[in-house]
2 protein chains.
Amino acid sequence: MNQHKEGEPDDRKPSRKIADELRHAIETGELAPGSKLQSERELAEKHGTARNTARAAIQLLAEEGLVTPEHGRGVFVRKQQPLIRLGNDRYSHKYRGTGLSPFLLECAKQGKTGRFEVLSIERIQPPADVAERLGVSDKTKSVLRRENVFWADDDPVQRVTTYIPWTLARGTGLLQEDIPHQYGIHGVFEDKGHVMHRIREEISARMPRAEEARHLRTPPGVPVIDVLHTSLDQTGNAYELTRFVMRADMTGLLYDVPVE
Amino acid sequence: MNQHKEGEPDDRKPSRKIADELRHAIETGELAPGSKLQSERELAEKHGTARNTARAAIQLLAEEGLVTPEHGRGVFVRKQQPLIRLGNDRYSHKYRGTGLSPFLLECAKQGKTGRFEVLSIERIQPPADVAERLGVSDKTKSVLRRENVFWADDDPVQRVTTYIPWTLARGTGLLQEDIPHQYGIHGVFEDKGHVMHRIREEISARMPRAEEARHLRTPPGVPVIDVLHTSLDQTGNAYELTRFVMRADMTGLLYDVPVE
DNA sequence: ACTATGAACTGGCTTGAGCCAGTTGGACTG
DNA sequence: CAGTCCAACTGGCTCAAGCCAGTTCATAGT
């Protein structure tokens, strides 16, 4: 149980020592996922340290994402749930016109109820990175922005922001809230001569901004995956851009693509 | 500068108040990337709090990835560097046999010197997820594992672990340390009748495990991107598997793929 | 011109005390 | 029996003090 070799002086800081011991117990399954740790006060007494020190140890584990403290209840070993995997096939032709949403299908596959919520639909001035990728030169309120949040049961899972050049979006009904995200809108683009031919997705990960953490209710120690998606038509023209900000503890990505 | 509305009582915790003020200064550019914050002791005195409280504020920002404390030097606003973007075209035929490595090319593009280091090459018993995806049923030391670390200048950037069924790897020279990662090895597979036809990549993000944080020297508040790559031949057979663990503050992914 | 020393700064970590705010479950009340 | 209330638990946060360990740089000694 104790990590240090006999004979050698153990010069680890007390907080690290407690953290190492707990981590070891978690990794060996001695502390099962979902189970409750000893309370801060108990840990402190057991190791002969101040409560602050036990607390620091727990924070170390929380930062690694191993553990989630819950105010008034205790500290729990995080159980990693199966990820909702969004694949590049979510834009596949096979879904077009079926009314099926890959996100909702994935939720169903895991016995969860998926839904989405429209935060806002506005005609705005695009941020620089969006304007650049959409090739929008005139910046004055030239894009339609639609902001959705997707839920699985009672957890917000991803925030989806779609940008569409206003010239494409005008008079299409895209302002209506009952169009289920981008899965229902691609017909509109085809009517205007833009058939989705390729997609380009720039992926990065980071800790959530304060506002994103509020929206997505991410526990501490959970990063987000940030996907900047661009839809290209046959001529390589970008006609639609979507930014996904996804909770990394609930979602993942899957690409199954040909080698070119 | 102060975030709270006049007249209303400001019931934010002192640590959050300090953090909010600093965050605001960072977001407005008042505190430029790379610049040094006031010391913990100064911040504490300025806000009339204990040093612990100023310290807690800084830790909040560090968890968000806005700031990096450096022992003995100070706390600095993190400057986000351009990401080294690895695309799905890194497996493209255009690189085959050229000796060019997309990773090293990306480094060069940013004026950095890329190199790689071989941690280990061993014949081992595969972990369950690897065995499953490779379709290896006999688990006894049936795969070759090769572990590399890629560097850009003096920063470790990604840890790359390649698994190859031993039946494929035997007698191929893959045990040699001077083969530059997987970029040089695909010819071997073609000799054995496995031409790379599709790739399948499962992507997730998380905080680094303690050991990964040591290897990659990730500052606190920096997650890793975890990519499980599988190479498939014409018959859909998985003949090679590679796991990338990448520092999210230095690397990103790019997929430019056809819609099928 | 070089090197060694050390003071004065930085963050890292701990102590032990206290109060606040959610949560839980049992006892008491209608 | 259903509800209310409260004690005892949980983590959240703060204080004021102290010591340790890196870093930096001016100064003193070669």
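Biologist: Leaving out residues up to four places away in sequence, which residues does A:Glu147 touch?
Modeller: This is a predicted model. A contact needs heavy atoms within 4.5 Å. The residues that A:Glu147 touches are A:Glu117, A:Val118, A:Leu119, A:Ser120, A:Arg159, A:Val160 and A:Thr161.

Biologist: Where in chain A does A:Glu147 lie?
Modeller: Look at residues 143–152 of chain A. They form a strand, and A:Glu147 lies in it. The element is strand 5.

Biologist: Is A:Glu147 buried or exposed?
Modeller: Buried means under 20% relative accessible area. A:Glu147 has 13% relative accessibility, so the residue counts as buried.

Biologist: What about A:Lys192, and where is its place in chain A?
Modeller: Helix 7 covers 186–191, and strand 7 covers 198–206. A:Lys192 sits in the loop between helix 7 and strand 7.

Biologist: Why does A:Lys192 count as partly exposed?
Modeller: Buried is under 20% and exposed is over 50%, with partly exposed in between. A:Lys192 falls in between because its relative accessible area is 38%.

Biologist: Which residues gather with A:Lys192 in a patch of positive charge?
Modeller: The patch is on the surface. Lys and Arg count as positive. Besides A:Lys192, the patch holds A:Arg123, A:Lys141 and A:Arg170.

Biologist: Now the whole chain: what share of the contacts in chain A with a separation of 6 or more comes from residues 24 or more positions apart?
Modeller: Chain A has 260 residues, with eight helices and ten strands. For residues 24 or more positions apart, the share of those contacts is 62%.

Note on methods: Residues numbered from 1 in each chain as written. Chains lettered and ligands numbered in written order. Predicted model: local features only at pLDDT ≥ 70, side-chain atom pairs only at ≥ 80, totals over all residues. Heavy atoms only, no water. Patch = residues over 30% accessible without salt bridge, like charges linked within 9 Å, V, L, I, M, F, W, Y side chains within 5 Å. Areas by Shrake-Rupley, 256 points an atom, 1.4 Å probe, with all protein chains shown as cover. Salt bridge = Lys/Arg side-chain N within 4 Å of Asp/Glu carboxyl O. Charge placed at Lys NZ, Arg CZ, Asp CG, Glu CD. Helix = DSSP H or I, 4+ residues; strand = E, 2+ residues; numbered from the N terminus. Buried < 20%, exposed > 50% of the residue type's maximum accessible area, 1.4 Å probe, protein only.
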